[in-house]
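The sequence and structure come first.

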Amino acid sequence: MGKTFTLHTLCEQRPGLPALRLLPRPQARPDDLRHSLYRALNLPGHPPHDPGICDDYLRHALTQPPRMVTVDEAHQLSAACIEYLRYLHDDPDPQVTIVLLASQPRLRALRSKQPLINRVTAWHLMEPLDPDEVLTVMPAFHALWQTTPSHTLTRLDGLWAHGNLRRWAALTHQLQAIRHRHPDHPADPETLLRRLKPRLARTA
């Protein structure tokens, strides 16, 4: 649904709340989160191997200013990693807001972790764009769509994107590639739509 894009956009619009963006690998361990935070904070040298010493550095660095820690694909976090985030959340010294991003089908993995559930302030669910939103969001998303007729946007959404921002991003990339390959014969949106129909039908 474009949750990562939305998060990055919001972070850029709020520079007063520095964001530490983490993308843990599958089956990450607490040490992986420690080291990712250490690097995200631009602390000197390599993260200490001793977990206690590393946590002391992190706690000191997170005291000021307030920060937001974002964890993408958070459904991949192990119970031990969730416990480590709880430790950061409950520590009275670090001033952190923790944001966890997960796709809706995998949200159950997060909701099953009671220590997390007890501390969540708010759940935000991102729905697909409805047809009216497509007509306003896509022209703001990329200049390519600013002069595209509304009926073409509606047809593209109904044919393939279905309100999914990631699919719209992929479609934007494909249309740009076609224009790049044919710079002397720039196609209008309807021509581009006809060219893409067979490809979109195969990947829909």
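At what angle do the axes of helix H8 (residues 150-161) and H9 cross, and within what distance do they come?

## H8 against H9

The axes of H8 and H9 cross at roughly 115° and come within 11 Å. That makes H8 roughly perpendicular to H9 (65 to 115 degrees). The crossing of the two helices is right-handed.

In this predicted model, local features need pLDDT of at least 70, side-chain atom pairs count only at pLDDT 80 or more, and totals for chains, interfaces and linings use all residues. Residues are numbered from 1 along each chain as its sequence is written, and side-chain values use heavy atoms, with hydrogens and water left out.

On the H8 side, Leu153, Leu156, Asp157, Trp160 and Ala161 meet Arg167, Trp168, Ala170, Leu171 and Gln174 of H9 (contact: heavy atoms within 4.5 Å). By class, this contact has seven nonpolar, one polar and two charged residues.

## H7 against H9

Helix H7 (residues 131-141) packs on helix H9 (residues 165-181) at an angle of about 50°, with the axes 12 Å apart.

Val134, Met138 and Phe141 of H7 meet Leu165, Trp168, Ala169 and Thr172 of H9. The contact has six nonpolar residues, one polar and no charged.

## Asp91

Asp91 sits in the loop between helix H4 (79-90) and strand E3 (96-100). Asp91 is buried, with a relative accessible area of 12% (buried: under 20%, 1.4 Å probe, protein chains only). A polar atom of the Asp91 side chain lies 2.9 Å from the backbone nitrogen of Asp93.

How values were computed: Axes are lines fitted to C-alpha atoms, for helices over the stretch in contact, and angles run from 0 to 180 degrees between N-to-C directions. Helices (H or I, at least four residues) and strands (E, at least two) are DSSP runs, numbered from the N terminus. Ala, Val, Leu, Ile, Met, Phe, Trp, Tyr, Cys and Pro count as nonpolar, Asp, Glu, Lys and Arg as charged, and the others, Gly among them, as polar. Buried means under 20% relative accessible area, exposed over 50%, partly exposed in between (1.4 Å probe, protein chains only). A polar contact is a pair of N or O atoms within 3.5 Å; within protein, one must be able to donate a hydrogen and the other to accept it, and residues adjacent in sequence count only if both atoms are side-chain atoms. Angles under 35 degrees count as roughly parallel, over 145 as roughly antiparallel, 65 to 115 as roughly perpendicular and the rest as oblique. A crossing is left-handed if the near helix is turned anticlockwise from the far one by less than a right angle, and right-handed if clockwise.
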